[in-house]
Amino acid sequence: MKTIDLRSDTITHPTDEMRNAMYKAEVGDDVFCEDPTVNRLEKLAAQKMGKQEALFTPSGTMSNLLAVLSETRHGDEIILGSEAHIYWNEVGGSAALGGVSMRIVENLPDGTIDIRKAEESIRSQNIHYPPTTLLCLENTQNRCGGTVLTAEYTRAMCDMAHSHSLKVHLDGARIFNAEVFLGVPAAKLAEPADTVCFCLSKGLSAPVGSLLCGSTEFVARARKLRKMVGGGMRQAGVIAAAGIIAIEKMVGRLAEDHESARQLALGVASIKGMKVDLSLVQTNIVMFEPPEHMEAPSFIKMMLGNGVLFTYPGGHRVRATTHRMVNSSDIDEALVRIQKAVTGTI
Ligand code: TLP
């Protein structure tokens, strides 16, 4: 039985073209900024995001951490959506290593945060309060099911934040999925944010890496902090070479992942007792509810036994993520297995 792995788009393997480019990559010592392939990747990333410069980091988690460390001082407060990856899934690094407190504002189901609520959470001048210095947004919003933030929404949030002298960091781990869904260039989606990062190792299929982009001064600070946290990577051209192909060749195909997600969501919605909000299935993530009589972790365990892998985001929810390594017939097969397994429990 073939395993259909819908846990994450992070499981994608590099393409043959990437492997060839990695084999042939020109390299140097990137801590001395002498790796020509890394330099090329960073330049390309900065261009794509419409920022002055970019920094190659080993992971999205490190990019987000460096953004927070660079844009805040120990003791500051940062504002995040209640479903933010930085808040949920980064081991509390911003608090543990950056010494910032995280002020959480509810994410609405579509991945946005109410602008008024965000504004109300900004601290006023008061001897008792920590200064609020950074707002973090996420596009696409992972835990809200890969929902996209429009350029207009991001602009309004950034204008509001800037009017209170806050900086804005955009966790754009999957910003190219938003680009493809909206038909709006990532640079436009990131334009009002001070800093943005995106991942190479998700739907774009590179084996490793993320790019953190912003002003020249910001990237210089982040580069030093990257060294501090042990992210100086020497002959990193070997992995950067795959990243260049990810950006140049793999963005367009994300539309296929979005189609697979829709196919899966429509199929799941048609299975008795299962629930999915189709309006929130915009990119490559599907959040659905298993039948009431089954706990989500038990459903996931049962499906593991049937060779279909999901992740558990908490609550009565299951997450499926589509990617290059599952095609339309895999999705059909996954649906058959889900249908059979669920029917067997009724
Ligand atoms: N997300 C992973 C898991 O950590 C949950 C996934 O499978 O979706 N920002 C966002 C919005 C992300 O979704 C992720 C990874 C990251 C940052 C961190 O990237 P990495 O895994 O490269 O540290």
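**Labels and their cut-offs**

Guide: Start with a bridge: Val286 has Ala320 in E12 as its bridge partner. This is a predicted model, where local features need pLDDT of at least 70, side-chain atom pairs count only at pLDDT 80 or more, and totals for chains, interfaces and linings use all residues. Residues are numbered from 1 along each chain as its sequence is written, and side-chain values use heavy atoms, with hydrogens and water left out.

Visitor: What makes E10 and E12 a pair?

Guide: Two strands pair if DSSP finds at least two bridges between them. Here 4 bridges join E10 to E12, so they pair, and they run antiparallel. Strands are DSSP runs of at least two residues and helices (H or I) of at least four, numbered from the N terminus.

Visitor: Why are E9 and E12 called edge strands?

Guide: The open sheet has 3 strands in the order E9-E10-E12, with antiparallel pairing. Strand E9 (275-276) and strand E12 (318-321) each pair on one side only.

Visitor: Why is the pair Phe288 and Phe299 called edge-to-face?

Guide: Rings of Phe, Tyr and Trp (its six-membered ring) pair if their centres lie within 6.5 Å; planes under 30 degrees apart count as stacked, over 60 as edge-to-face and the rest as tilted. Phe288 and Phe299 are 5.7 Å apart, centre to centre, with 85 degrees between the planes, so the label is edge-to-face. Phe288 lies in strand E10 (residues 285-289) and Phe299 in helix H13 (residues 296-305), so the pair ties together parts 11 residues apart in sequence. Phe288, Phe299 and Phe310 form one aromatic cluster.

Visitor: How do you know that the charged end of Arg143 sits over the ring of Trp88?

Guide: The test asks for NZ of Lys or CZ of Arg within 6 Å of the ring centre and within 35 degrees of the ring normal. The charged end of Arg143 sits over the Trp88 ring, 3.5 Å from its centre. Arg123 does likewise over Tyr129, at 5.0 Å from the ring centre.

Visitor: How do you know that Cys136 is in no disulfide?

Guide: A disulfide is a pair of cysteine sulfur atoms within 2.5 Å. The nearest cysteine sulfur to that of Cys136 belongs to Cys197, 9.3 Å away, so Cys136 is in none. For Cys158, the closest cysteine sulfur is in Cys136, 11 Å away and too far for a bond. The structure holds 0 disulfides.

Visitor: Why does Cys136 count as buried?

Guide: Buried means under 20% relative accessible area, exposed over 50%, partly exposed in between (1.4 Å probe, protein chains only). Cys136 has 4% relative accessibility, so Cys136 is buried. Cys158, at 0%, is buried too.
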